[in-house]
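Dear colleague,

Please find below the structure that I am handing over to you. I would be grateful if you could read the notes that follow alongside it.

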Amino acid sequence: MPAVDDILFSRRRAERFAQLLDEANGARRHHVRSRVDGQLAPLVAVGQRLSVDPPAVEVDQDFRTGLRAMLLATAEREGMGTAPAASEPATTTARGRLLPAVTARRARARGAILVGIAAGAIAVSGISAASENAVPGDALYGMKRSTERAQLALASSDISRGQLFLDFARTRLGEAAKLRGDRIGYSAVLDDMDADTRQGVRLLTTAAVQRAESGSLDTLNSFVTSQRRAVSGLVDGSTRADRDRTQRSLHLLDSIRERSDTLRAAIACGLPAPSASDALGPDPGTCPGAR
């Protein structure tokens, strides 16, 4: 079961998310600040952009059906619509209906949770569809990157975030393929690709060491194999400057594979969690007897 702090739409986060949305739309500013404001900011930005320039995207019926099922399951799990206990003190709603005070507060929080889940899911789905083919310089590229940050905010664990970063690295690779010949643009996109790769690798290698299991390393190895093949394909027919820049990304992938293999061996022989780390995460020692 995930820790309370790993659940994005906890009661406090949901209420803070609602406050930030209100403030962004011109409501009175609350004189408080929360440590989750930075995590929620991308979602608030997405919400604002949707209201100003909604993407002309038809939401798939399967998505509508799945979202409805998710909301109903959440409502049932959270106890929305259940009868209140008779012993709880009652309070009167604006419409005159009696609700226990505690139940009223919980209903408000749960409602905010459901609204947040729905808004986040629809925003990520709609903007992703509208901007998925955008490249640097396109009008929708900023939305594309904001959507990625929103996905990270929605992720419930470091492993999920690590996998997302690797997905973003694949996306940057596709953008780089469209920018070959544009030396500055091509190099900048590969810089972003390598940064996303390092972020994902660091999260997954750290998770592998903390859990003393190699599942996250299997994910890394699969990524390196497919990504290296695709990056190598950028070399053919490219300029010398583009080839030199591409080689740096290939070298990074080779370093990741070497780190993954070293960590796998360290986990297998029972080495303690390494204290040293670098851009790729934990840097393990060598198993006794290994050469």
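The notes below set out what was found, beginning with the basis of the model.

This is a predicted model, in which local features need pLDDT of at least 70 and side-chain atom pairs count only at pLDDT 80 or more, while totals for chains, interfaces and linings use all residues. Residues are numbered from 1 along each chain as its sequence is written, and side-chain values use heavy atoms, with hydrogens and water left out.

Overall architecture

The protein contains 9 helices and 4 strands; helices (H or I, at least four residues) and strands (E, at least two) are DSSP runs, numbered from the N terminus. In order from the N terminus, the elements read α-α-α-β-β-α-α-α-α-α-α-β-β. Of the 291 residues, 35% count as buried, where buried means under 20% relative accessible area, exposed over 50%, and partly exposed in between (1.4 Å probe, protein chains only). Of the contacts (heavy atoms within 4.5 Å) between residues at least 6 apart in sequence, 63% join residues at least 24 apart.

Helices H6 and H8

Helix H6 (residues 158-178) and helix H8 (residues 215-232) have axes that come within 11 Å and cross at roughly 5°. Axes here are lines fitted to C-alpha atoms, for helices over the stretch in contact, and angles run from 0 to 180 degrees between N-to-C directions. H6 is therefore roughly parallel to H8; angles under 35 degrees count as roughly parallel, over 145 as roughly antiparallel, 65 to 115 as roughly perpendicular and the rest as oblique. By class, this contact of H6 with H8 has 8 nonpolar, 4 polar and 1 charged residues. Ala, Val, Leu, Ile, Met, Phe, Trp, Tyr, Cys and Pro count as nonpolar, Asp, Glu, Lys and Arg as charged, and the others, Gly among them, as polar. The residues that meet include Leu166, Arg170 and Leu173 in H6, and Leu220, Phe223 and Gln227 in H8.

H6 also carries Phe165 and Phe168, which are 3 residues apart and thus separated by about one helical turn. The structure holds 1 aromatic pair: the ring centres of Phe165 and Phe168 are 6.2 Å apart and their planes lie at 80°, so the pair is edge-to-face. Rings of Phe, Tyr and Trp (its six-membered ring) pair if their centres lie within 6.5 Å, with planes under 30 degrees apart counted as stacked, over 60 as edge-to-face and the rest as tilted. Both Phe165 and Phe168 are buried.

Within H8 lies Asn221, which is buried at a relative accessible area of 11%. Leaving aside residues up to four places away in sequence, Asn221 touches Arg257, Ser260, Asp261 and Arg264.

Helix H7 and its surroundings

The 29 residues of helix H7 (residues 183-211) should span 42 Å at 1.5 Å a residue, and the end C-alpha atoms are 42 Å apart, which agrees; the expected span is 1.5 Å times one less than the number of residues. H7 and helix H9 (residues 240-268) pack at an angle of about 5°, with axes 10 Å apart, and are therefore roughly parallel to each other. Their contact has 11 nonpolar, 5 polar and 7 charged residues.

Ala188 is found in H7 and is partly exposed, with a relative accessible area of 38%. H7 is followed by Ala212, in the loop between H7 and H8. Ala212 has a positive phi of about 55° although it is not a glycine, and at 54% relative accessibility Ala212 counts as exposed.

Yours sincerely
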